[in-house]
Amino acid sequence: MGNAADHAELLLRDAPELGINLTAGTAGTAAETEKLWGFCRGGCTWTAHTFFGRPGNNPYCHHRALTHQRAGRRERLVQTASAPGEPFDHGLFSLVEESLEAPWPAAERPRLTAADIRWPSDWVD
């Protein structure tokens, strides 16, 4: 989507290279970036909005996951409010940060692993 659709080389760059350019001089830039929050303030603000009700802090940021993994931490999303059932609605979630070594909570849906994926039998490698 967006600029990456025309420039595939942008997709796997380090996160610092994808930072928001606060000195670009675009009208409204400072006001818009003040709304961003959390670990990952760039990238897909739509994804963050659908999880948290506000832009910024994309929970699916690859750089974010690798940084947490190197620090021996992980994050998981916990639903705090259900979607009300209206057009364009979404539920709300919070992030729980914990040790990679911590057992997965028994009441939570288990992590998805490659072994959980069921590929159609007619697909060929």
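Let me begin with burial: of the 125 residues in the protein chain, 18% are buried, where buried means under 20% relative accessible area, exposed means over 50%, and partly exposed lies in between, using a 1.4 Å probe and protein chains only. Please keep in mind that this is a predicted model, in which local features need a pLDDT of at least 70 and side-chain atom pairs count only at pLDDT 80 or more, while totals for chains, interfaces and linings use all residues. Residues are numbered from 1 along each chain as its sequence is written, and side-chain values use heavy atoms, with hydrogens and water left out.

How confident is the predictor? On pLDDT, which is the predictor's confidence in each residue from 0 to 100, the protein chain averages 77, and 71% of the residues score at least 70. Confidence is lowest in helix H1, residues 29-34, with a mean of 66, and highest in strand E2, at 93. Over residues 20-25 the pLDDT is below 50, and this stretch has seven contacts in the model beyond near neighbours in sequence, a contact being heavy atoms within 4.5 Å.

Now to the overall layout. The protein chain has three helices and two strands, arranged from the N terminus as α-α-α-β-β; these elements are DSSP runs numbered from the N terminus, with helices (H or I) of at least four residues and strands (E) of at least two. Among contacts with a separation of 6 or more, 35% are between residues 24 or more positions apart.

Next come the charged side chains. The structure holds five salt bridges, each being a side-chain nitrogen of Lys or Arg within 4 Å of a carboxyl oxygen of Asp or Glu. Which residues are linked in a network of salt bridges? They are Arg74, Arg76, Glu98 and Glu108.

Arg74 forms a salt bridge with Glu98, with the closest N and O atoms 2.9 Å apart. Because Arg74 lies in strand E1 (residues 73-81) and Glu98 in strand E2, this pair ties together parts that are 24 residues apart in sequence. Arg74 is buried at a relative accessible area of 6%, and Glu98 also counts as buried, at 12%. Glu98 meets Arg76 as well, in a salt bridge of 2.7 Å from N to O. Since Arg76 is in strand E1 and Glu98 in strand E2, that pair joins parts 22 residues apart in sequence. Arg76 is buried, with a relative accessible area of 12%, and its side chain meets that of Glu108 in a salt bridge of 3.8 Å, N to O. Here the link is again between distant parts of the chain, with Arg76 in strand E1 and Glu108 in the segment after E2, 32 residues apart. Is Glu108 buried, partly exposed or exposed? With a relative accessible area of 29%, Glu108 is partly exposed.

Asn58 deserves a brief stop. Asn58 sits in the loop between helix H2 (45-52) and helix H3 (62-70), and it is buried, with a relative accessible area of 10%.

The accessible surface of the protein chain comes to about 9,700 Å², and 56% of it belongs to carbon and sulfur atoms, with areas taken from the Shrake-Rupley method with a 1.4 Å probe and, for residues, only the protein chains shown counting as cover.
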